[in-house]
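Please consider the model shown below.

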Number of protein chains: 2
Amino acid sequence: MEAHVFFLQLALILISARILAEIANRLGIPTVIGELTAGIILGPSLLGWLEVTLQLQLMAEIGIILLLFKVGLETDLDRLTAAGRSAVSVALVGFAMPFLMGYALARELFDFPPMVALMLGGTLTATSIGVTVRILQDVGRQNSTEGQVVLGAAVLDDVLGVILLATLYQISVEGQISLLALGRICAFIGAFFLLAPLLARILSAVIQKLLGKSTMPGLIPSAIIALVLLFASLANLLGAPELLGGFAAGIALSRRFFLPFGISLAHHHAFAQRIDVQTTPIIQLFTPIFFVVVGLSLDLNQVDWSSGFIWLFSLATVTIAILGKLAGGQVLFRRHMVFRTAVGISMVPRGEVGLIFAELGRASGVFGPQVYAALVIVIAYTTMLAPFWIKLFYRRYGNHPSLAFEKRLEESPSDSGFHPG
Amino acid sequence: MEAHVFFLQLALILISARILAEIANRLGIPTVIGELTAGIILGPSLLGWLEVTLQLQLMAEIGIILLLFKVGLETDLDRLTAAGRSAVSVALVGFAMPFLMGYALARELFDFPPMVALMLGGTLTATSIGVTVRILQDVGRQNSTEGQVVLGAAVLDDVLGVILLATLYQISVEGQISLLALGRICAFIGAFFLLAPLLARILSAVIQKLLGKSTMPGLIPSAIIALVLLFASLANLLGAPELLGGFAAGIALSRRFFLPFGISLAHHHAFAQRIDVQTTPIIQLFTPIFFVVVGLSLDLNQVDWSSGFIWLFSLATVTIAILGKLAGGQVLFRRHMVFRTAVGISMVPRGEVGLIFAELGRASGVFGPQVYAALVIVIAYTTMLAPFWIKLFYRRYGNHPSLAFEKRLEESPSDSGFHPG
């Protein structure tokens, strides 16, 4: 690809994403919808001006990794841990239900072979962490109690998705499941989550030290972005999704992260502030590229709208995709119905992970064109419409007592200083 | 290429560039040398961990375009225009001398065919605008009188280089020069330089208007970077070097740009300030990638150091490369010798454009491996050592009266407000 073509594509993506996000914002629609729509308009679905190239894909992945870094930066690990058990339940049920229901639907009602049914179930499992955190940001609920449950569940969902993908890949290649290989993946991912924040915190202390000694400008952008990219690679190396590397780096650099065993690494407010000011423009530059590229990937031209099967099959699948995630929210028995529903619908958007499953299914010949097209509809539908429901839901129930921001009981002394929110 | 490999490469580039730039800074060496050295160490010359891929090349080109944007932003068009006639003389002589001397050397002393001699002359012509502006920034002379002459001459050099490249390409393909085609290239490039700043200024006024109305954060990074990329593409479309698109956009957005005919487009100080604060981290992130990639491109393993021919030929060529540019400075008859020399040595660094010529010569079979290797030495030598000489020169002669910052006579009333320098 020639450079000027790439520059033109990037410029087109940035400008159209911004214009449609501004329009969405005026109309009271979540801005992420604007960016996704920009991709659908520019891509093969409508104008056909752009398609997903490797170069754009890489820019998009930097975008989602940086977005997760930002989410990590703004996450209070105590809160996230407090939401832990709820998040695990929501993730497990919200993962298992769509998978099992998808499998059953494909086997029982449509009589597909087992492998197709498995891949179909897999495609329906993983919540789009990107769309979900963006919509939570858009409606201002990122740091709410249910927001933390959703964030934790979405992160776990992504991990489960990767493990399932590896399992299905094994089955399709070797015809059986190797428990040893699976155990290794889980152990590696576990190791990543235990070690990454510690390592990132140490590196951040090094960067902070260097910053005090450096007389040249520009240390923070280079060093922090390099750190985030490094952790994305590390995550990949250990079998975890790359974007979780960004998340781990963000958590470690957040103001509210404290190492175990009382180890204290100086992490001054001024440093955190500088990281924030100097990385924000970079994150703002790259993030929209991700959502536009998701829009580009949704090729609605693949869909033969006149086919009765597609309508029936996609309708059934969409229903399962939604019900399965709503069921995940219902598992929080101690919470009010409104809280459960808030969590459930926030988990509905699929997007990037679902597309990876669907794409793999198509490329390996498991999905025929009709099944693939139906899945594109399901993903497009949940990605594009769930943000509306979430916004409408909060407009109606946002002040419900069950959704009140909770006071943290275990408020730590070091907490009294600076509150970003 | 897999994403995680790309991320790892980028992280490696960012980290090593920073470390070596910090070391260079401590040692009193120009920091750009540190970044180039990082590339030489990581690249095929030494460790062989990285090579120039299309993806890295694109990142690097964004880096150089953004650097030129920044240079444009900090450029005072009045000063640049005031330096205009001097810059044209320096550019023409400093372009013609290495070309003619290179041609003569190759024909007379080494008896090469005419096409080889032409390409060789071409390789020696163009000053590396990237290295030159970085070194001027490093020694704090970017806005000096001689700095403006050098900047103007380097810009013209780049344009002349592109025209020469197009001409040589025509000769090699069609066996003759089409004056019509050449005239068209010149007309297009001229049109670009006349229209681009005007267009960029109008677009910037639009962005500023939108900024007042937008309630979402993140407009400036998207909009300004999109604008710069758009102008890089536009430059390419009209046959000008892409980085000059970035330069034109920067000039148009600088505080000191005024449209002809007294057309005034509101361009508030606060807006310029916001552009500066929000684009600086992005520029700081991308710029080092460019210089590391230049270092990666200099494959010193290509050189057979035991060959007598290579030593002789490269020594002769380096001499010409240096003398030719020094001659360009000498053309400023009214200036003191020190001023002339400052301009001359600042024009010595070759780099990216020379590499493009050399690469084209090799790819088209005009240059054999020996000539190519010799040219790599010449480019490496002028790129890596000229910054030293410039730094040493200013340490010795920096306070010479002929290099004093000149007071501008035509100080405009609107000028009294804010001075960035």
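A residue is counted as buried if 20 or more other C-beta atoms lie within 10 Å of its own, with C-beta atoms placed from the backbone. The model to which this criterion is applied here is a predicted one. By that criterion helix 14 of chain A, spanning residues 337–346, is mostly covered, with 8 of its 10 residues buried. The buried positions are Phe339(A), Arg340(A), Thr341(A), Ala342(A), Val343(A), Gly344(A), Ile345(A) and Ser346(A). Their cover is drawn from elements of chain A that include helix 5 (84–109), helix 7 (129–138), helix 8 (145–174), helix 13 (308–330) and helix 16 (369–397).

The relation between the chains may be taken next. Two copies of a chain are related by a rotation about an axis and a shift along it. Here, chain B is superposed on chain A by a rotation of 180° with 0.0 Å of shift along the axis, at an RMSD of 0.0 Å. This is therefore the relation of a two-fold axis. Within chain B, the C-alpha nearest that axis belongs to Ile282(B), at 2.8 Å from it.

Which surfaces do the copies use to meet? Of the interface residues of chain B, 100% are also interface residues in chain A, so the copies meet through the same surface. In this interface, 43 residues of chain B are in contact with 43 residues of chain A. On the side of chain B that touches chain A, the elements giving two or more residues are helix 1 (3–27), helix 3 (54–73), helix 10 (219–237) and helix 12 (269–297) of chain B. Helix 1 of chain B supplies the largest share of that side, 13 residues.

One helix pair across the interface can be followed in detail. Two packed helices are described by the angle between their axes and the distance between the axes. The crossing of helix 12 of chain A past helix 10 of chain B is right-handed. From helix 12 of chain A, Pro281(A), Gln284(A), Leu285(A) and Pro288(A) meet Pro221(B), Ser222(B) and Ile225(B) in helix 10 of chain B. The residues of this contact divide into 5 nonpolar and 2 polar, with no charged residue.

Notes. Residues are numbered from 1 along each chain as its sequence is written. Chains are lettered from A and ligands numbered from 1 in the order in which they are written. This is a predicted model: local features need pLDDT of at least 70, side-chain atom pairs count only at pLDDT 80 or more; totals for chains, interfaces and linings use all residues. Two residues are in contact if their C-beta atoms, placed from the backbone, lie within 7 Å. Helices (H or I, at least four residues) and strands (E, at least two) are DSSP runs, numbered from the N terminus. A crossing is left-handed if the near helix is turned anticlockwise from the far one by less than a right angle, and right-handed if clockwise. Ala, Val, Leu, Ile, Met, Phe, Trp, Tyr, Cys and Pro count as nonpolar, Asp, Glu, Lys and Arg as charged, and the others, Gly among them, as polar. A residue is buried if 20 or more other C-beta atoms lie within 10 Å of its own, exposed if 12 or fewer, and partly exposed in between; C-beta atoms are placed from the backbone. Copies are superposed by least squares on the C-alpha atoms of residues with pLDDT of at least 70 in both.
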